[in-house]
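Here is a friendly walk through one structure, with an eye on its helices and its aromatic rings. Keep the 3D view open as you read.

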Amino acid sequence: MLVWVPTAFVSILVHELGHAFYFRKAGGRPSILLYGMGGLATATGRFQRRELLWITAGGPLFGFALAGMLLFTQRSLAQSGLEPSPLLVAFFVFGINVNVFWTLLNLMPIEPLDGGQFLRHWMREGKQKLRSTIGAVTAGGLALAGLAFYQSLLMGVLFGYLAWTNWQAREGEFQNPWNRGGSS
């Protein structure tokens, strides 16, 4: 926990800073809210479709960049012959894994994840049923994979919930709260 909590915090913050960077680049005034298991970057302003695609991609791009910097630093330390402390080794391992694995999961085409946001901006409005179907099927598959292959109850419950909310959005029974101009 001594390493995990700060690593997760820094990873989430860097991810949200990626969204905020592209919000600002597009002329917006970004703000970031960090909460229990994630964060939300929002901004005032009106953005073109191309800008929204970059804003959405910003978080994953910064996450992959952080993983790359951690990997480069870890390898540089190993090649220098210095023996890092076990806590520093754990920080590198957690940081690289979190910023690669979480980012890949976050890129799945499931709302409210960045992949779902990207799909929404890419497909334009008016394709809610198709987007929600893609999200529900993808999330359902990840829930089953989480339970069956990874034996992860957390992954099963999280993606099961996302499958349900995406399916409800498809059926029009669930008000989609993710269409507010934010990027998670």
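In which sense, right-handed or left-handed, does α4 pass α5? The crossing of α4 with α5 is right-handed. Please keep in mind that the model is predicted.

**Two helices side by side**

Helix α4 covers residues 114–123 and helix α5 covers residues 128–148. Their axes lie 11 Å apart, and the two helices pack at an angle of about 155°. Angles over 145 degrees count as roughly antiparallel, and α4 and α5 are therefore roughly antiparallel to each other.

Which residues meet where these helices touch? From α4 come Leu119, Arg120 and Met123, and from α5 come Leu130, Arg131 and Ile134. Sorted by class, the contact of α4 with α5 has 4 nonpolar residues, 2 charged residues and no polar ones.

Helix α4 also holds histidine 121. Is this residue buried or exposed? Histidine 121 counts as buried because its relative accessibility is 9%, and the cut-off for buried is under 20%. Setting aside neighbours within four places in sequence, histidine 121 is in contact with Arg49, Leu52, Leu53 and Thr56.

**Aromatic rings**

Now to the rings. The count of aromatic pairs comes to 8. Two of these pairs are set out here, each with its geometry.

| Aromatic pair | Arrangement | Centre to centre | Angle between planes |
|---|---|---|---|
| Tryptophan 4 and phenylalanine 94 | edge-to-face | 5.6 Å | 80° |
| Phenylalanine 21 and tyrosine 22 | edge-to-face | 5.0 Å | 90° |

What does the pair of tryptophan 4 and phenylalanine 94 tie together? Tryptophan 4 sits in helix α1 (residues 4–25) and phenylalanine 94 in helix α3 (residues 86–106), so their pairing joins parts that are 90 residues apart in sequence. Tryptophan 4 counts as partly exposed, at 31% relative accessibility. Phenylalanine 94 is partly exposed too, with a relative accessible area of 33%.

If you click on phenylalanine 94, look for its contacts as well: leaving aside neighbours within four places in sequence, phenylalanine 94 touches Val3, Trp4 and Thr7. Its C-alpha is 26 Å in space from that of tyrosine 161, and 67 residues separate phenylalanine 94 from tyrosine 161 in sequence.

Which residues join them in a cluster? Ring pairs link Phe21 and Tyr22 with Trp54 and Phe62.

**One more stop in α3**

Helix α3 is also the place of asparagine 97. Asparagine 97 counts as partly exposed, at 46% relative accessibility. How far is the C-alpha atom of asparagine 97 from that of alanine 67? These two C-alpha atoms are separated by 7.7 Å, although the residues are 30 places apart along the chain.

Note on methods:
Residues are numbered from 1 along each chain as its sequence is written. This is a predicted model: local features need pLDDT of at least 70, side-chain atom pairs count only at pLDDT 80 or more; totals for chains, interfaces and linings use all residues. Side-chain values use heavy atoms; hydrogens and water are left out. Rings of Phe, Tyr and Trp (its six-membered ring) pair if their centres lie within 6.5 Å; planes under 30 degrees apart count as stacked, over 60 as edge-to-face and the rest as tilted. Helices (H or I, at least four residues) and strands (E, at least two) are DSSP runs, numbered from the N terminus. Buried means under 20% relative accessible area, exposed over 50%, partly exposed in between (1.4 Å probe, protein chains only). Axes are lines fitted to C-alpha atoms, for helices over the stretch in contact, and angles run from 0 to 180 degrees between N-to-C directions. Angles under 35 degrees count as roughly parallel, over 145 as roughly antiparallel, 65 to 115 as roughly perpendicular and the rest as oblique. A crossing is left-handed if the near helix is turned anticlockwise from the far one by less than a right angle, and right-handed if clockwise. Contact means heavy atoms within 4.5 Å. Ala, Val, Leu, Ile, Met, Phe, Trp, Tyr, Cys and Pro count as nonpolar, Asp, Glu, Lys and Arg as charged, and the others, Gly among them, as polar.
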